[in-house]
Amino acid sequence: MKQAVMGGPGGAGVEKVSDPRIADNYAKVKVFSAPLCTEFKHRAREKSGGFGHEAAGEVVEIGPKVRSVAVGDRVVVMPQNACGICPLCTSGEHIYCQSGRKPLKICGSETGCDTVAQYVIQQDWLLVKIPDGIPYDHASMACCGFGPAFNAMQSMEVTAGDTVLVSGLGPVGLGAVTVALYRGARVLGLDPNAYRRDLAKQLGADAVFNPLDEDIKQQVLAATKGLGPDKSVDSTGVQSSVQLLLAVARRRGRVALIQSVDSISTQPVVWKGLRLYGCWHWNHLNDTERMMHTIAGSAERIDKMITHRFPMEKLSEAFDLQVSGQCGKVIIHPWEA
Amino acid sequence: MKTVAITGKQSCKIVEKPAPRAKDDYVVVKIHAAPLCTEYTDYRDGCTRAEFKRGDESPDCLGHEAAGEVVEVAQPGRVKVGDRVVVMPGFWCGKCRFCLSGEYIHCQNPPNPLTQCGCEAGAAAYAEYCLKQDWLLLPIPDGMSYDHAAMACCGLGPAFNSMQTMEVSGHDTVLVAGTGPVGLGAVICATYRGAQVICLGRNPYRTKLALKLGAEAVLDPQDKDVKQQILDLTGGEGASKSVETTGHLLYMDVVMKATRRMGQVAIVGEGGEYPLHISDGMIRTGLQLHGIWHWNLGDAPDMMRMIGRVGGKLDTVITHHFPLEQIEKAWQLQLTGQCGKVIINP
């Protein structure tokens, strides 16, 4: 099969590798949509190799212990190699599993753990079935496109009537805008990048701001009757962004952090009685139905949010585009030339 | 001031009573909008009892929904003369655990406002003026009309509490039994939260209203395959959450059978009886039932925010206005069922 690799001319390319093998409870999935996440930030690294942790595709072969999927099923591939046994895994919080498995060793395979490839392998319980009528590109938002944002909205119990401030309008932030709008919330956005502010506005954000403006705090407060947003999401991992969200948050408000920052002052957290949530992935055992509702009900917005699609051969071009910031979510189609 | 008295079966008259005077934390509100609720059944039956059976039995307690302007206060408090306010229903002690937690509707020591204030009238909303304790008045945001604000009473109140209690969101399919004013309010509240809505109703006039407000379908509860129709609309599962607004066995039965396993049912419609088979009806289905009357005072900002954002739909659900003098005509209209929410503008 063909698989994307880091390194070489342009910083990324395609290699021919052996097809993955499966065993145990692993299934082999033919990848039709492989969304790009933050991999472009690592393109210059010395070590080359496969990459990618987001995918949607079709089950083409199943191991002897596979129970929950069948050949022909359309599925989204959840990230990570979790054990499936610990309390975190069995409650759907597998992303926090502390005893990961070694799929290549278990399956006797040389490949299959990187999603920007023609095939990938994953355990059956980490494959989420796609309802009829949802295309692969849309379904693949159940990875990082919507995943962390969806978790943030679930954790903060975002509902109609809330004003949600989203800081960072990259692919994850745009996902947060979309998921919040689906829940009937009013959305405000923050990003220095005009292209992405405009995209958020097209998705339905009520107002977007440039966080580099000197009076940014006043602008956000003015948009929330002086009270501040009910709920906020940081997708930037930038210290000043998180500090701004804490500064403008409404008293007893909630703030979800999707990216980590090294240091913030927690003073506003205490005196305003804020609640902070760390959000990585989402709980696919409890919330698959809600996630798929959100995807099906956001079809038009997802079409705006996914700004570019590339065949695997044009990976370098895709990375260049991501570096420029002039894009929303970018998807690789491994079977297209 | 002018107010209303029921004088027999389908018989009422406008009566003149002394206007109430403010005392302690009771203030006087000049009523600009008084929505009609279930009092038309009292008019129909010639019932002269008070609406609030648990409290004041005085017959002039007609009308429990209102919005208006504060015109007299006896002491400095939460409102001042000139404030535009929604008048919450009933009179409550303000001291018990229910009152203190915003659930005053469940207060077990309701005072009689007329005795408290030494007034002959002032408990009813179908009047030019009424009395109300200041803490039961909600300030109306600028730009919101009295008619819209008054929907914070029963127009949207029980439905709003149902949605809050069942945590209805865009991931739900809500089955609304009944398309009267309260059921139509439930359609507004549920669609506001992004939910898919299916209604049960038999009145063509109100079916049209429900569809206009955003219901996906209005089904006849008497159809033999109504449950199957609901399953077909919900991917074979049934509604995740339901609101029963009729109090009729026929509707309740469909609700209990067409709500999915682990689902929730909010019961708002009064007066009915329903034989519940505990095992098959609740235990094996994992249903949660909620009895819902009014809503929690602490949710007032959310309620006013919702009203501010669903104004267009409120204009759809409020189908008729009458001056106080024509309340009999309004009640007659309610008896025909050819209306949504009806508002008296004294």
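Predicted model: local features only at pLDDT ≥ 70, side-chain atom pairs only at ≥ 80, totals over all residues.
**Entry 1: the open sheet in chain B**

I began with the strand order of a sheet in chain B. The sheet is open, has six strands and pairs them in parallel, in the order β10-β9-β8-β11-β12-β13. I then asked which strands form its edges. They are β10, residues 217-219, and β13, residues 288-291, and each of them pairs on one side only. From one strand to the next the twist averages 20°.

Next I looked at one pair inside this sheet. Strand β11 of chain B covers residues 239-244, strand β12 of chain B covers residues 259-267, and five bridges join the two in parallel. As a point to find on screen, I noted B:S242, which has B:V265 of β12(B) opposite.

I also looked for a helix against these strands. Helix α8 of chain B, residues 226-233, lies across β8 (173-177), β9 (196-200), β10 and β11 of chain B. Its direction is at about 165° to β10(B).

B:I278 belongs to helix α10 of chain B, which spans residues 278-283. The relative accessible area of B:I278 is 49%, so I list this residue as partly exposed.

**Entry 2: strand β15 in chain A**

I turned to chain A and asked how many residues of strand β15, residues 329-333, are buried. Five of its five residues are, and I noted the strand as mostly covered. I then sorted the side chains by direction. A:K329, A:I331 and A:H333 point one way, A:V330 and A:I332 point the other way, and all are buried.

I checked the partners of this strand as well. Strand β3 of chain A, residues 26-35, pairs with β15(A) in the antiparallel sense over two bridges. In that pairing A:P35 has A:I331 as its bridge partner. Strand β14 of chain A, residues 306-311, runs parallel to β15(A) and is joined to it by five bridges. Here A:H308 has A:V330 as its bridge partner.

Most residues other than glycine have a negative phi.

A:Q80 has a phi near 80°, a positive value although the residue is not glycine. I found A:Q80 in the loop between β5 (74-77) and α1 (87-90) of chain A. With a relative accessible area of 36%, A:Q80 is partly exposed.

A:E157 has a positive phi too, near 55°, and is likewise not a glycine. This residue sits in the loop between α4 (147-156) and β8 (163-167) of chain A. Its relative accessibility is 43%, so A:E157 goes down as partly exposed.

**Entry 3: salt bridges**

I asked how many salt bridges the whole structure holds over all chains. The search finds 23. I wrote up three of these pairs and one network.

In chain A, A:R290 and A:D287 form a salt bridge, with 2.7 Å between the closest N and O atoms. The two are three residues apart in helix α10 of chain A, residues 284-297, so about one helical turn separates them. A:R290 is partly exposed at 33% relative accessibility, whereas A:D287 is buried at 9%.

In chain B, B:D45 forms a salt bridge with B:R44, the closest N and O atoms being 2.9 Å apart.

A:D230 and A:R250 of chain A are linked with B:D302 and B:R305 of chain B in a network of salt bridges.

Methods. Residues numbered from 1 in each chain as written. Chains lettered and ligands numbered in written order. Heavy atoms only, no water. Pairing = 2+ DSSP bridges. Helix = DSSP H or I, 4+ residues; strand = E, 2+ residues; numbered from the N terminus. Axes fitted to C-alpha atoms, helices over the stretch in contact; angles between N-to-C directions. Contact = heavy atoms within 4.5 Å. Buried < 20%, exposed > 50% of the residue type's maximum accessible area, 1.4 Å probe, protein only. Salt bridge = Lys/Arg side-chain N within 4 Å of Asp/Glu carboxyl O.
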